[in-house]
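Reader: I am new to this structure and would like to understand the words used to describe it. Could you take me through them with care?

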Amino acid sequence: METRKTFDRELQLLQDEMLAMASMVESALIDAVESLKRRDMAWSRRIMAQDHQINKKRFAIEEEVLSLVARRQPMASDLRTIASVLEIAGELERIGDYAKGIAKINLLIGEQPLLKPLIDVPAMAEKARSMLNRAMEAFVQRDTELARSIPQEDDDVDCLYDQVYRELVTYILSNPKNLEQANYLLWAAHNLERAADRVTNICERTIFTVTGELTELDTDESKCNLQ
Amino acid sequence: MTAEEIKLETRNYSMYYGNFKALENITVQIPAKQVTAIIGPSGCGKSTFLRTFNRMNDLIPGARIDGKVIMEDQDIFAMDVVDLRRRVGMVFQRPNPFPKSIFDNVSYGPRVNGIKDRNTLMEIVERSLRGAALWDEVKDDLNKSGLALSGGQQQRLCIARALAVEPDIILMDEPASALDPIATLRIEELIRVLKENYTIVIVTHNMQQAARVSDYTTFFYTDESRTGQLVEFGETRQIFTNPSDQRTEDYITGRFG
């Protein structure tokens with residue numbers, strides 16, 4: 001094992017960076033929805049600014065991946081790990097973008113009060129965050145069983161999305177003036193639904209890292225699926 | 001792999017130096033007109049295995065074998081060894097041109113085989129030097145000593161010398177390990193071109209080189225007994241991205257060896 005001490009340390013640091021990025025993204029997701037719920041414009045602006053930090057982290061990970069490939073010429077499971085980290089960092093960046101989008105929606109809604117107190121949207125955010133957190137755990141532990149089980153929870157997020165959709169349509173039908181805000185809120189929910197989809201992609205990378213197989217973990221037959 | 005695609009084959013092949021068993025029970029099929037790399041830690045029997053195919057191990061006192069080595073349905077140990085070595089050329093780690101002119105180096109084999117006509121020899125020399133991607137660099141000075149060439153050129157001269165007797169198979173024992181990176185890349189490019197017409201078996205310590213140049217990879221391993229065993233044979237792409245055996249994984253990722 002001694003022969004690889006430095007390389008193993010470099011691989012560990014790379015994965016630590018990825019975990020740090022995931023943690024930033026988890027916070028952004030929850031905070032963005034919370035700032036929308038509380039109508040806290042200043043907070044939303046800070047979240048939007050912080051997305052820059054997430055993107056910088058992604059670039060740093062990409063640079064480290066390229067450096068490792070060039071210096072170490074990784075093979076087999078090392079190569080799969082490094083390729084997966086790059087892919088996961090890309091997925092995390094996109095989830096960060098969804099969080100930023102939700103913060104922006106808060107600004108776009110402006111001074112109007114919310115049509116209704118937000119309940120399902122924060123539930124979606126918490127569900128997506130929890131899925132992301134466990135997906136990262138599955139990757140770090142190389143736990144394929146956990147990685148396979150998480151995408152099944154995507155149905156719950158889809159169901160919440162359908163619920164939000166139906167509710168907002170009712171608001172629009174009852175008063176067409178609600179159209180604009182309902183549309184914004186639907187877009188926020190859509191962002192969360194997409195965030196959960198990207199967690200599935202991360203789980204696929206865990207399977208790839210462990211087994212070398214590229215498989216889709218999507219559940220095609222969602223109970224409730226508007227897409 | 002279908003039968004007609006197999007050029008070389010070993011069946012339950014074991015090899016001994018006196019009482020020492022150097023290779024144990026190797027069964028492998030080497031596909032025709034493909035590059036097969038042999039990798040493994042030092043002392044695992046890679047070169048011994050390679051030298052089986054032109055019976056160079058016969059020269060070592062006390063060497064004996066069990067099992068069969070087949071080249072196109074013929075048992076190589078039942079073949080005339082001179083004929084076998086004409087059909088199975090070899091290139092070594094250190095370029096070893098004869099202390100003769102470039103022309104004489106390349107025409108040596110054909111001359112030994114009885115070709116005397118100067119024009120025929122000239123044709124063979126040109127064709128072989130072109131085949132080894134050396135012609136353009138030496139065509140104006142074929143009388144220059146082979147030893148006056150650079151290391152990379154000398155190695156290509158040795159490849160031209162092997163091609164001159166029109167072999168079917170070329171064995172390469174770490175052919176680029178004594179060369180600089182550019183000369184190494186030239187040899188690797190050449191291997192890619194040569195495989196259109198020849199079956200190539202290459203021993204290399206350089207994992208990236210094996211991954212770059214070969215179509216199939218054979219991983220040899222040895223334990224305290226120092227007897228070489230075949231652990232895994234497969235498509236190079238699979239061996240280097242997702243090997244089946246943990247020992248292959250550990251070796252190619254530098255966990256031992």
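**How the terms apply**

Author: Of the 257 residues of chain B, 53% count as buried, where buried means under 20% relative accessible area, exposed over 50%, and partly exposed in between, with a 1.4 Å probe and protein chains only. This is a predicted model, in which local features need pLDDT of at least 70 and side-chain atom pairs count only at pLDDT 80 or more, while totals for chains, interfaces and linings use all residues. Residues are numbered from 1 along each chain as its sequence is written, chains are lettered from A and ligands numbered from 1 in the order in which they are written, and side-chain values use heavy atoms, with hydrogens and water left out.

Reader: Why is Leu29(A) called buried?

Author: The relative accessibility of Leu29(A) is 1%, and therefore Leu29(A) counts as buried, the limit being under 20%. Leu29(A) belongs to helix H1 of chain A, residues 5-38, where helices (H or I, at least four residues) and strands (E, at least two) are DSSP runs numbered from the N terminus.

Reader: Which residues are in contact with Leu29(A), leaving aside its neighbours within four places in sequence?

Author: Contact means heavy atoms within 4.5 Å, and by that rule Leu29(A) is in contact with Ile95(A), Ala99(A), Ala125(A), Ala128(A), Arg129(A), Leu192(A) and Ala195(A), once its neighbours within four places in sequence are left aside. Leu29(A) and Asn191(A) are 162 residues apart in sequence, yet 9.8 Å apart in space from C-alpha to C-alpha.

Reader: What makes the radius of gyration of chain A agree with that of a compact globule?

Author: The radius of gyration is taken over C-alpha atoms, and the globule rule is 2.2 Å times the number of residues to the power 0.38. With 227 residues, the rule gives a value near 17 Å, and chain A has 19 Å, which agrees. The C-alpha trace of chain A spans about 70 × 40 × 20 Å along its principal axes, and its secondary structure consists of seven helices and zero strands.

Reader: What does the same rule give for chain B, and which secondary structure does that chain have?

Author: For the 257 residues of chain B a compact globule would have a radius of gyration near 18 Å, and chain B has 18 Å, which agrees. Its secondary structure comes to 10 helices and 10 strands, and its C-alpha atoms fill a box of roughly 55 × 40 × 35 Å, taken along the principal axes.

Reader: Why is Glu188(B) called buried?

Author: Glu188(B) has 5% relative accessibility and therefore counts as buried. Glu188(B) lies in helix H7 of chain B, residues 181-194, and touches Gln209(B), Arg212(B) and Val213(B), not counting residues up to four places away in sequence.

Reader: Is Arg55(B) buried or exposed, and where does this residue lie?

Author: Arg55(B) is buried, because its relative accessible area is 12%. Arg55(B) lies in the loop between helix H1 (46-52) and strand S4 (63-71) of chain B, and its phi is near 55°, a positive value in a residue other than glycine.

Reader: Why does Glu166(B) count as partly exposed?

Author: At 48% relative accessibility, Glu166(B) counts as partly exposed, since that class covers the values in between the limits for buried and exposed. Glu166(B) is found in the loop between H6 and strand S7 (169-173) of chain B, and its phi is near 50°, again a positive value in a residue other than glycine.

Reader: Which residues are buried in helix H3 of chain B, and what covers them?

Author: In helix H3 (residues 102-112) of chain B, the buried residues include Ile102(B), Phe103(B), Asn105(B), Val106(B), Ser107(B), Gly109(B) and Pro110(B). Their cover includes helix H4 (118-131), helix H5 (135-138) and helix H6 (151-163) of chain B. H3(B) is followed by Gly114(B), whose phi is positive, near 100°.

Reader: How many residues of each chain are in contact between chain A and chain B, and what area is buried there?

Author: 13 residues of chain A are in contact with 12 residues of chain B. Buried area is the accessible area, with a 1.4 Å probe, that two parts lose on being put together, summed over both, and between chain A and chain B this comes to about 1000 Å², of which carbon and sulfur atoms give 47%. Arg4(A), Met75(A) and Ala76(A) supply 51% of the area that chain A buries against chain B, more than any other three residues.
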